[in-house]
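Subject: Structure handover and notes

Dear colleague,

I am passing on the structure that we discussed, and my notes on it follow directly below. Please read them with the sequence and the model open beside you.

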Amino acid sequence: MLTALVCLVLVAATIAIHYEVLRFTSNNLTHLRVPPRMRIIIMLTAALVSHLAHCLLYAVAFLWLERLGGFGSIDGPVGHDLGDAFYFSVTSYTTLGIGDLIPTGAIRIIAGVSALNGLVMVGWTASMTYLYMEKFWHLKGRRPRKKR
């Protein structure tokens, strides 16, 4: 039951973080006096920072549950510090799943939810990227073609 609650809180937190980052970026991006290409770079950088925050959130949850006890652990050839938990979180969130670190116990469920959560969040970022490219693609900033 606690595992399901942790999953729900993590998913809700990542949605809130991503929503706020994309909303803040969207509200402020149109007022910047920068070329269209730079707007896309800023938007994607903000989205990437949001994804990294999600991974950090999951990493902290993994460490907290390990130290709390009774939820399993992340086993592998390396230690159990924030860097290892973050690495495991990134490989789970991105569904890369290298396999050098292996979740046990209830942490396996949270790692699976992390992968599903990451898939949805990356899809959200892709759709926002499309909307921004559609919005800014036609703006000035391109060099006109010379007539022959």
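T14 is buried, with a relative accessible area of 0%, where buried means under 20%, exposed over 50% and partly exposed in between, computed with a 1.4 Å probe on protein chains only. T14 is found in helix α1 (residues 2-29); helices (H or I, at least four residues) and strands (E, at least two) are DSSP runs, numbered from the N terminus. Leaving aside its neighbours within four places in sequence, T14 is in contact (heavy atoms within 4.5 Å) with H54, L57, Y58, N117 and M121.

Before going further, please keep in mind that this is a predicted model, in which local features need pLDDT of at least 70 and side-chain atom pairs count only at pLDDT 80 or more, while totals for chains, interfaces and linings use all residues. Residues are numbered from 1 along each chain as its sequence is written, and side-chain values use heavy atoms, with hydrogens and water left out.

Next come the aromatic residues. Rings of Phe, Tyr and Trp (its six-membered ring) pair if their centres lie within 6.5 Å, and planes under 30 degrees apart count as stacked, over 60 as edge-to-face and the rest as tilted. By this rule the count comes to two aromatic pairs. Y58 and F62 form a tilted pair, at 6.3 Å centre to centre and with 40 degrees between the planes; because these residues are four apart in helix α2 (residues 36-68), they are separated by about one helical turn. The rings of F62 and F88 have their centres 5.3 Å apart and their planes at 65 degrees, so this pair is edge-to-face. The pair links distant parts of the chain, with F62 in helix α2 and F88 in helix α3 (residues 82-93), 26 residues apart. Y58 and F62 are both buried, as are F62 and F88, and Y58, F62 and F88 form one aromatic cluster.

As for the helix packing, axes are lines fitted to C-alpha atoms, for helices over the stretch in contact, and angles run from 0 to 180 degrees between N-to-C directions. α3 and helix α4 (residues 107-136) pack at an angle of about 60 degrees, with their axes 7 Å apart. That makes α3 oblique to α4, since angles under 35 degrees count as roughly parallel, over 145 as roughly antiparallel, 65 to 115 as roughly perpendicular and the rest as oblique. α2 and α4 pack at about 170 degrees, with their axes 10 Å apart, and are therefore roughly antiparallel to each other.

Finally, there are the nonpolar cores, each a set of buried Ala, Val, Leu, Ile, Met, Phe, Trp, Tyr and Cys residues joined through side-chain atoms within 4.5 Å. The largest nonpolar core has 14 residues, and those with the most contacts inside it are L10, F62, L65, I74, F88, I107 and I110. α1, α2 and α4 each supply at least two residues of this core, and α2 gives the most, with four residues. Apart from this core lies another, of eight residues, among them L22, L29, I40 and M43.

With best regards
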